[in-house]
Structures are given as C-alpha cells and as structure tokens.
Amino acid sequence: MAIEFRTSSVAIPSGTGRRSINGSTTFGSPVKRANVALNGFKLDYASSDHHINVVEADTDIVSVSGNTVNFRVECSYADKNFDDAYSGYITALVVAEVE
Amino acid sequence: MAKKTKTSKVHEKTEAHAHEHEHWNFLPELPLRPGEHGLPEDVESDPGAIVIESICGGIDDSQPVEQYDGTLGVTQAFVSAHQRPVGQLQWNDNLADIYDNPGNVNNVRWCTGTLISRNLFLTAGHCFDRTGGGWQRPLIDGTNTVISSAEIATNMHVNFDFQVDPGGNLRPEQQVAIQSLVEYRLGNLDFAIVRLAGSPGNTFGITEVADEDADEGDMLCIIQHPAGLPKRIEAGPIFHFHDSRIGYDSIDTLGGSSGSGLLHSPSGRIVGVHTNGGCSTTAGSHNHGVRIGAILAQSPTLAEITGKRRCDFRTISLGVPAGTGRRSIQGAVSFGSRVFQAGVALNGFKLDYVNSDHHINVIEADTDVVSINGNSVNIRVECNYADKNFDDPYTGYVTALVIAEVE
C-alpha cells in the first residue's frame with residue numbers, strides 16, 4: 001500500500017455567488033483510488049467588510065485518470081443580498097493510493 | 001519407471017472442465033490409517049509400496065528432498081533453498097496422560113505446513129477438524145464430545161528436519177510445540193495458522209507468502225510429508241483454477257501432505273495450501289488446494305505479513321439542522337472489509353444563517369473519529385456559527401472524508 005499526498009491551491013477570482021472551479025493534480029504513478037479534503041481556504045470580500053449570511057468551502061473528486069486526479073472546489077461567501085464580490089483560494093489535499 | 005515429463009495434461013483440459021464438479025470433489029488428505037487403501041502397516045519401512053489415490057498417473061514421482069535429482073520441474077537449488085521451513089504436524093505422545101479417552105491419534109504423524117514468520121506456521125484447516133479421516137480424536141473427559149480445534153492444535157507439535165540426508169540416513173528431527181491456533185477455516189476456507197513456541201523461523205528459515213495468485217501453467221513445487229514419511233518433493237504445473245481452489249494434475253501427494261505450501265517456481269513464494277487428493281489415472285483428475293488470493297481475502301494475519309492492506313476512502317455529509325449554539329452530530333461510514341485504522345478530515349462545509357445576515361463572532365467546522373468497529377468507522381462533526389449573542393439560528397452541512405486502512 002503506497003499512499004501519496006498532493007496539495008493543490010485553486011484561486012477564486014473576484015465575483016459573486018456560489019462558485020465551482022475544477023482543479024487537478026498529478027502523481028508519479030497510476031492512481032488506484034483517491035479522495036480530497038480541505039487543506040485550507042481564504043474567502044475575502046473585495047470591497048470592505050460586510051455581514052455574512054453564508055460561508056461554504058467544499059471539495060469533491062471528479063475523476064481519476066491514470067496518474068491524474070481531477071477534483072472540484074465549491075465555495076460561497078455572501079451577505080443576505082449575495083451581491084458583494086469576493087475572492088480568495090481553496091487549497092485541496094488529495095490523498096491517493098498509487099501503484 | 002517413474003514419469004519424467006512434468007507437463008500438465010493440457011490436452012485433456014477441455015474434457016476436464018466439462019466434468020469439473022466431479023473432479024473437484026475429493027476428501028481432504030488426512031493421513032490414512034495403516035492398512036487402509038493399500039497403505040502398509042509400517043509405512044516408513046516400505047514407502048515404495050504406496051500407490052493409492054492422489055498419485056497422478058498411477059506412479060509416485062516424489063523424491064526425498066536431499067536426494068532430489070532435479071528432474072521434476074524445479075532445480076535442486078530451489079528445493080535446497082525452500083525445504084527447511086517445511087515441517088510436519090504430529091500429535092503429541094502423551095494424550096493418554098491427559099484424556100480418559102485419547103482416541104486413536106496418539107503420536108500420529110498428521111499433516112504438513114510451512115513457517116511463514118519466525119513463529120507462524122501455515123497449514124490446512126482440516127488438520128484441526130474434530131472429525132474426518134476415520135480417526136478418533138480425544139474426548140473431553142466425562143463426555144462424548146471431541147475436544148475443540150484449538151485444543152487439538154495444542155496437543156500437536158511440529159517436526160523440522162524429519163528427512164533423510166543425501167546418504168539416505170534419517171536426520172534427527174527437531175520438535176517445536178504449538179502454542180495456539182491463530183486462524184482456522186476463516187471464510188470457510190481450508191487453511192489454518194498456528195503459533196509455535198520460540199522463534200523456529202530464526203533456525204529453519206521463513207517462506208515468503210505471495211500477495212497474488214499464480215497463473216495457470218506456472219510451475220509449483222510441493223515439499224511435503226506424504227503418508228507421514230520423511231520430507232519429500234514433488235513438482236508440476238498448475239492445471240486449473242476453480243473458485244477458491246487451485247488444481248494440479250501431475251503433482252503426487254498422499255494423506256499427510258495436507259497443509260503443504262504450494263511453492264511457486266522460480267519465485268519460491270507460497271501461492272496456495274495443499275488440501276485435497278483426487279489424482280488418479282483418469283483423465284482430468286487432479287489434486288488441489290486453496291489458492292492464496294482467496295486466503296488473503298480472509299486472513300488478517302497473512303494480509304499483514306504480505307502488506308496486503310490497502311487504503312480506502314468514504315465521504316459522509318452530515319446535515320446541520322436549523323438551530324443555535326455549538327452542534328455535535330455523529331455519523332458512521334461502512335467499508336467493504338475490516339478497518340484496521342482510520343482518520344477523518346474536513347471534506348467541506350456550509351454554514352448559513354437562517355434569517356438574513358449577521359456579524360460573525362465564531363465559525364467552526366471540525367471532525368473526529370469516535371470509534372472503529374469491524375467494517376465501520378463512527379465519526380463526529382462539530383460546528384459553530386454565531387455572532388456575539390449566539391442567538392441566531394443557522395443551518396448547513398459538514399462533509400467528512402474518512403481515510404481507512406482496510407484488509
């Protein structure tokens with residue numbers, strides 16, 4: 001059993017509403033199975049500070065193909081109007097069993 | 001004249017497959033009682049007289065390990081390198097001192113097996129069965145109940161070096177006590193592992209266990225104690241796989257060979273455990289054992305020895321119902337096999353004020369492993385989302401990623 005780890009930071013460009021952004025990371029040998037966890041995140045209102053209604057930071061595996069693991073991060077950061085731009089990053093920890 | 005060509009009877013294979021059920025159903029190879037099925041009263045004085053079922057093609061090709069001429073399909077060097085960890089299970093000779101009714105197995109040379117670690121010995125499960133072979137095992141005093149399989153095991157020992165030297169002289173055998181029955185017929189497979197006293201593997205060596213099955217046609221070597229005789233060697237190719245079993249149609253065995261490791265050549269690894277006879281002069285007949293792939297799927301001991309544990313993942317999303325204050329919510333995930341250890345991480349979360357937006361005083365999303373129980377991992381998530389008053393209800397989810405080392 002060989003376990004390997006990769007971290008991959010996905011930038012959240014400035015914008016509003018719920019965001020879904022794909023990322024990928026590559027291992028040195030074929031991946032048998034993999035999953036993903038939150039390594040860290042930053043969500044930052046672009047203009048000053050605001051109340052908060054919702055905070056979300058989530059990760060999902062999309063697919064495993066050869067040496068590559070494709071994943072998706074989803075996030076939301078808003079007050080009641082969902083009209084304030086935010087940016088930041090989500091860093092995913094990909095854990096894989098490799099050959 | 002013994003046959004010298006050790007090739008599988010592949011030309012008979014189509015027919016054999018058509019009748020595979022009748023050819024796979026043979027009794028386990030417990031030792032035959034003297035006088036049965038052509039076995040002489042004193043088998044050790046007349047081994048050449050033994051020609052009975054389990055002899056493929058009607059002629060016994062086996063040879064004493066230290067007199068092997070290298071013609072059976074593996075080299076002399078291979079046999080020399082792998083014969084020492086092979087031992088013989090024998091009932092102790094004090095059964096009458098222990099039991100009112102010791103049965104008729106006192107001091108009987110019983111099965112074969114192989115050292116797979118410094119003190120673990122792999123053999124066949126039926127060597128510790130409470131019935132079979134026409135033998136009478138000891139009874140629990142004052143009852144008609146046969147002692148347990150675990151107690152059967154501790155009433156046996158293992159003989160190493162029970163073999164003749166190149167000159168044909170019997171070597172002094174060395175006895176090692178059995179301490180416990182570690183695994184027995186797990187998954188209803190005919191294998192067992194016993195723990196021996198001390199560290200005999202340091203003296204006699206250890207045979208490596210393969211982490212996957214061999215292929216049809218690969219060469220096998222069985223180093224064995226057929227009919228309780230001093231150690232002998234036979235070899236031949238794998239004939240066929242059938243469910244959990246591995247068959248070979250040109251490797252002669254006898255009662256007492258049960259439990260022998262099926263050694264793969266040239267790797268020298270154990271790819272199965274010999275259990276059953278069945279060879280005869282009939283086309284398609286063969287002896288067979290349990291293949292290692294099936295055993296590995298059931299045996300935690302072998303899984304650990306071979307490093308056959310793997311990593312697996314589960315995610316579980318736990319909803320956070322509307323409410324205030326710090327929340328603690330438990331959940332469980334189930335894996336396809338036994339979990340040895342596990343950890344949990346945050347896969348994602350969403351925390352959402354039910355009523356409009358508010359300041360934030362605290363935000364928390366946490367995960368913990370609570371317990372591991374068989375195939376299941378119980379976890380807990382904790383979260384908090386509040387302004388300074390902790391009076392605004394929130395809802396959302398926390399998704400946990402459970403990472404486990406499993407069989």
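Me: Leaving aside its neighbours within four places in sequence, which residues is L30(B) in contact with?

Reply: The model is predicted. Beyond those sequence neighbours, L30(B) contacts H126(B), G132(B), G133(B), W135(B), G255(B) and S258(B). L30(B) itself sits in the loop that links α2 (20–24) to β1 (63–64) of chain B. Another pair to look at is L30(B) and A227(B): 197 residues separate them in sequence, and their C-alpha atoms are 8.7 Å apart.

Me: Is L30(B) buried or exposed?

Reply: The cut-off for buried is 20 or more other C-beta atoms within 10 Å. L30(B) has 20 such atoms, so L30(B) is buried. Across chain B, 48% of the 407 residues count as buried.

Me: How many helices and strands are in chain B?

Reply: Chain B has eight helices and 20 strands. Of its contacts between residues at least 6 apart in sequence, 70% join residues at least 24 apart.

Me: How many residues of chain B are in contact with chain A, and which strand supplies the largest share?

Reply: The size of an interface is often given as the accessible area lost when the parts come together. Here the description is by contacts: 25 residues of chain B meet 21 residues of chain A. Strands β15 (310–323), β17 (339–353) and β20 (394–406) of chain B each give at least two residues to that side, and β17(B) gives the largest share, nine residues. By class, the side has 11 nonpolar, eight polar and six charged residues.

Me: Which strand of chain A is joined to β17(B) by bridges?

Reply: Strand β4 (residues 54–65) of chain A runs antiparallel to β17(B), with five bridges between them. In one of these strands, β17(B), G348(B) is the bridge partner of D58(A).

Terms used. Residues numbered from 1 in each chain as written. Chains lettered and ligands numbered in written order. Predicted model: local features only at pLDDT ≥ 70, side-chain atom pairs only at ≥ 80, totals over all residues. Helix = DSSP H or I, 4+ residues; strand = E, 2+ residues; numbered from the N terminus. Buried ≥ 20, exposed ≤ 12 C-beta atoms within 10 Å, placed from the backbone. Contact = placed C-beta atoms within 7 Å. Nonpolar A, V, L, I, M, F, W, Y, C, P; charged D, E, K, R; others polar. Pairing = 2+ DSSP bridges.
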